[in-house]
Amino acid sequence: MERFSDTCALFAVSGHRSAAAVTALGLQVLGYRGNEHLAVAVSDGALIRTRRGPDALPARPETLPGVLAIGKIWGPPEQLRRARSHDPLLAAGDDGDSDTLVSVRYRGGQIAAAIAGRITNAGRLRRELKELGAVFHTLSDAEVLVNLVAHSAQRTLINRLVDALWKVEGAYTLLVQSEDRLVAVRGPGGFRPLVLGRLEDAWMVATDDSAFQAVGGEAKREVAPGEMLILDGRGMLSVSPFGQQPLTACLQEHISLASSASRTFGRSTREVRARVGEALASEAPCPGADVVTAWPGPALPMAQGFARAADLPFEVLVVREPPVVAPPPDTLGPPDLADRLLWRVDPSVGGRSVVLVLPALVTGHGLRRAVASLLEAGAREVHVRIGSPPVHTSCAYGVWSPTPDELADAETVTHPDWSGAASIRHLDLARLREVADDERGWCDACWSGKHPLRPPDLTDDQLELF
């Protein structure tokens, strides 16, 4: 729908006898961030075994032994997959190799790595490594990193990794595994979330702490920006080998990306979203409305906060009901027809003035379909309230977002003749930052157009095949 979508998540465990099973389960919980590809690398102390796809976890976990494991789940969001089914160029243009988990053998032994986010200078680093004789098989930033580690003149894995990361720029979190050691790193700017957890005597690291509860563990703390955790049989060691940088946490995490059940950047995502809704009710009230509802997903706590502050009833009028047997994507027809198979509007909406709360306005097409669904079900009128400003630009740091040409023109989209809504109002950026905690450094480039890190040169990221 009308929001940005993350396309990957990381999970790792150190010191658990069923590391592969725990990692695979944790990744499944994080599947809302991206679930088209899955990969797990497991070490038994002498050998790293990597599994990808549906067979990443075998029917008998004991066939993939080891107490150390890292994993990544990734892939385009649901709406992009549907778009690809209608566009042969899109369908042929992404086989997942640009965002994979990489496992290689070099003179120091075996190493596996997975990255969430973006190394913004990966293109330049790739060219420099090619001049040194490196051969690349994918467009993955993780492959750039492992080549930097392999070409480092340092002697130990940790020193090689630090040496490599000193050359790296970007907004990322990182997992690296050798035969007997697991390393987790959160980039110095803190753009992406990373959380430390505990399961019995084992340590866990994940993009989102909601995965810890699912595997029977608990969250301990947020990994600090620029922090490196070294996990092995001796326990955990925390070091900070990078120079201090301004914090640039992704503000879209609180609006669209994180699970409402998680704590993101040290704060309850649900509470932040509820406060966004309260601020929205104060800034853009809707007198005369009968009921407040949300499109399912991140907007739910926002709508509840709006209703509470506006002293209006909140009702779940739109529910997600995917078909019991999902038809192949190429049989669904146009995206609006596919949406009709997934969403149901409660008939009690008939004759009522509805406030529809959305997290963001991105392309505008999802907004128009949402308004149309409520009006077709009998709503007298629909007032749209959006918990963030109009999106200004696509994300340069690894979060899925439409291209600049696909982004909504706010003037066109808010016109009643185009949207069908009786009114559309946004929460402005200054108030959003205030609600989210203005004392923390935020990346809000998608709204403000001000990039805290130099965006990547996308022309540098192409394989030179011919």
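I looked up L174 and found that L174 stands opposite V185 in β8. The model is predicted: local features need pLDDT of at least 70, side-chain atom pairs count only at pLDDT 80 or more, and totals for chains, interfaces and linings use all residues. Residues are numbered from 1 along each chain as its sequence is written, and side-chain values use heavy atoms, with hydrogens and water left out.

Next I traced the strands (DSSP E runs of at least two residues, numbered from the N terminus; helices are H or I runs of at least four). Strand β7 covers residues 170-177 and runs antiparallel to β8, with 5 bridges joining them; two strands pair if DSSP finds at least two bridges between them. I noted 4 residues between β7 and β8 in their hairpin.

What does β8 pair with over 4 bridges? I found strand β12 (residues 228-232), again in the antiparallel sense. Here V183 stands opposite I230.

Then I checked burial (buried is under 20% relative accessible area, exposed over 50%, partly exposed in between; 1.4 Å probe, protein chains only). In strand β8 (residues 182-186), 5 of the 5 residues are buried, so the strand is largely enclosed by the rest of the structure. I sorted them by face: L182, A184 and R186 sit on one side, V183 and V185 on the other, and all are buried.

Last, I turned to V316. V316 lies in the loop between α10 (299-310) and β18 (318-320). Is V316 buried or partly exposed? I noted a relative accessible area of 47%, so V316 is partly exposed.
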